[in-house]
Amino acid sequence: MTLNINKQTLPGLIAAQLSGSETETDGSQPDGLQPNGLQQGSQEIMHVLRHFHLGNPAVADQLETLNGDYLPALLSAYRDTSQLRYDYPLYLCPCDATNSISLSLAKPLPEFLHERIAMFAPNQDSAILLKDNIPWVERNLRDVTRKIEGPTLIKPLLEQACQKLNEHLQFDGENQQRLQSDIDKLLDNVPDDGLILGYGRFPALHLLMHLIRNQALPQMSLFKQETEQYIKSLQLLLDVDDAKQEDAHSADALKSNISSSQFFNTDSLSKIVQQSSKGSISLSASRRQRIEEALRVLQKFKEKEILIHIVHANDALDNSWLNESQSFTSEHHADPCFRSTEIFDQEAQELAEVFAAARIAKLEIDNLYDDNIHEPWFDNFSWESFSKRELILVPSVIVLEAANRLVDESMVSFSHLLNSGRPVNIFVRVQAHNNPGAKADEDPFRNYRTELGYLGISHRQAVVTQCSAARHQQLLSNFDMSLNATRTSLHLINVGLCEVGEESGLNAWLVAGAALEGRAHPFFSVDPGAGDSASERMDFSGNPQPERDWPTQPFTFRNAQGEVSEIELDFTYADYALLIPRLHYHFSLIPAQCESEDLVPVADYLALPVDEVDNLVPYIWAVNQENELRQLAVSRALIHACRDRLNFWHSLQEMAGIRSRYIEDAEIRIHAEADEEIASQIAQAKAEFTAELERVKTEAAANVMSRLTDMLLGMDLSGSGAPMRNITPAADTAGVTQAEAPAEQTEEQPAEEVEEQIETFDDAWIDSPLCTTCNDCTDMNPLMFVYNDTNQAIIADLSAGTYLQMVEAAEICPSNCIHPGKPWPGSEGNESEADLEDLMERAAPYNSF
């Protein structure tokens, strides 16, 4: 299972179920299940398991009790997480007003430390003592930061960790000096204001706040520079206008403004200045008033220290870390969504005056202000008129809400806020196994799950993201998108459960990762500003094997005979549910000797039609602390929850364009239409070929019969020895050819010569229209057989071959279009050719029509 950690070798697992032997921890059978034979015992066990699966509590005492040390088989290798290296803690880059926003604001601690060491020890064999022991330093920092809520300075903690490393290694002499020298260089390369964030209760909230600060500070710095320039330019406009006033040109005014006035006649100078200034146009009273008002607003504007307001409904936040920063506030309110609207409107109203003054200043400086156009605009200037950049400058408001409250008492204000368009971030921590719509004491699988993500998507103009703090890069990417969208944003965050994780032997980071793998908390984000189609709005990245129902990973185990085997296992929602102790009553151990075809893995069970699973019992593979591999039967209630999760997963796949039924149906329809078109074309081609073949055969038969008639009419049927008609069929319309057509009789010849030139039906010939151009005859003798202009065989030169070759060519001809006739005089070796009588018998079948 891919959880983004450094995998260790899987321990040997005793596959009790696969071998059919009893488990090592308990060799006895539960009461009431002692079988007389394996088959009979399996039948009795299956009877009890079916009752368990269907929810009959009466069979509870007939089944083995499931203790809390079982983990899904694919997670068994991660039971001890103390030696595992994963992303947290994160190094948070310092907030810098001069830097632009970047997703590199957070880095896994191992990556950060290796980067800093590479600055002074880039070679592989340098600082080797420190590099070899960096994992020890990481583990120390991971343990320390787990107890600290929120970001804290990394340098003091790193210095303490390195000091403990020195104490742990107890190097002497040169090695200790080398190690300390490298530690000092490392600390010198760590920023004094760099932060480190452990995986506590609110890692996602801290990352969002860190991102907001890094986004707002550079923008505020730039806006301050612009306002200072506006102030100077507006003041200059007023100074120039003041210089045009008559009072400014009086003798007394000039005397007061000129330092060496005793050397000038100010009365004469006043007359000259007044004459030269005539024709200059002063600012109108309304424009001057507008400029003075804008100048006053910009001059009194001060950058706000508060960048973030957090509103929450309960005491979930620990005020100790809230009070450590002056850049954000925290407020408790019974209706956080409603209160966040008030806070945002108040902050936006205060800044609206400043933003309007800045816009007026730019228009006046560029001399573009038009009373008819701009006065109505600025009279109604509010946050809806803010630019994207101005909205980013408004202090951010974060609503921290509970999932169950959003579908209950906060539903109305929650929906109103999502539809308002105000750039407020609604931050919801969700438990992937829980149903937000269920009551506090209700089984989460009693009803279908209320999907807050789907509810958020129904508010079509709101940004909706569902992610996990366990994947910080994906989380930062979603936060960055939502902040730049400047819309109301709903963030559904799963952080895993620390308490559950400790009981399961897994930490919260791994539990959150398992929720992603088991489709309990799939990742997605919807940005309405990206376009109107789902393909433009929907981002489905971050999900493992998104084209499949469940992720599949190889699992290696060792059976009772000591043989190592590997199988493919699906990690389903049922596997994830095994990590939640309060859901263990939905599982039951299957006795080791039970063998039945009705035991089916959960993934296969869910893939079957509902009407085919009545007699089946679904199960998952699990491993206990003794490394025993066992099957766990799953209750029907949990199976219904798996189907519900799978249904939501399919909905997300369809919105993301993966395995869309519309696309699949369209592909089937297109393939069917294509197959039908091809079949139609083939049928048409066959019909045309058949018709043409019949036509050619008919014409060929008619021509042959005509030739035969002509030949018969030319024969001497009286036996009187009268000469026969001379027939030359070499170039007839049917394409029937023979060896050599005799020259046309142009003058009288002796009867003997005429008789020698008479063509008889015994001559060799080819029915060329029937030739398939198979190359058999031409390959045998390319001088005797050649192709005509239509690429069909004819006899070119009988003297170039033997009668044997002619007979063999007729025998291998696939269309039976070669007629050997009888042996002809003058052929090569014909007089001495052996077995002529036998060859004539072989040729006889091919000489008949």
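Okay, let's start with a term: a residue is buried when its relative accessible area is under 20%, exposed when over 50%, and partly exposed in between, using a 1.4 Å probe and protein chains only. What we have here is a predicted model, where local features need pLDDT of at least 70, side-chain atom pairs count only at pLDDT 80 or more, and totals for chains, interfaces and linings use all residues. Residues are numbered from 1 along each chain as its sequence is written, and side-chain values use heavy atoms, leaving out hydrogens and water.

So, charges. Side chains of opposite charge can pair when their charged atoms come close. A salt bridge here is a side-chain nitrogen of Lys or Arg within 4 Å of a carboxyl oxygen of Asp or Glu, and the count comes to 31.

Have a look at R339 and E331, whose side chains meet in one of these, at 2.7 Å from N to O. Is R339 buried or exposed? R339 is buried, because its relative accessible area is 19%. E331 has 26%, so that one counts as partly exposed.

Next up, K362 and D366 form a salt bridge at 3.4 Å, N to O. K362 is partly exposed at 45%, and D366 is partly exposed too, at 40%.

Then there's R659 with D549, where the closest N and O atoms are 2.7 Å apart. This pair links distant parts of the chain, 110 residues apart: R659 sits in the loop between α25 and α26, and D549 in the loop between β13 and β14. Helices and strands, by the way, are DSSP runs numbered from the N terminus (H or I, at least four residues, for helices; E, at least two, for strands).

We also get a network of salt bridges, linking D241, D242, R288 and E292.

On to the rings. Rings of Phe, Tyr and Trp (its six-membered ring) pair if their centres lie within 6.5 Å; planes under 30 degrees apart are stacked, over 60 edge-to-face, and the rest tilted. Searching the whole structure turns up 18 aromatic pairs. Take Y88 and Y199: they're edge-to-face, 4.8 Å centre to centre, with 80 degrees between the planes. They lie 111 residues apart in the chain. Y88 is buried at 1% relative accessibility, and Y199 is buried at 9%.

F445 and Y573 have ring centres 6.1 Å apart and planes at 70 degrees, so they're edge-to-face. F445 is in a loop and Y573 in helix α23.

Last one: ring pairs join F223, F301, F355, Y369, W377, F378, F381 and F386 into a cluster.
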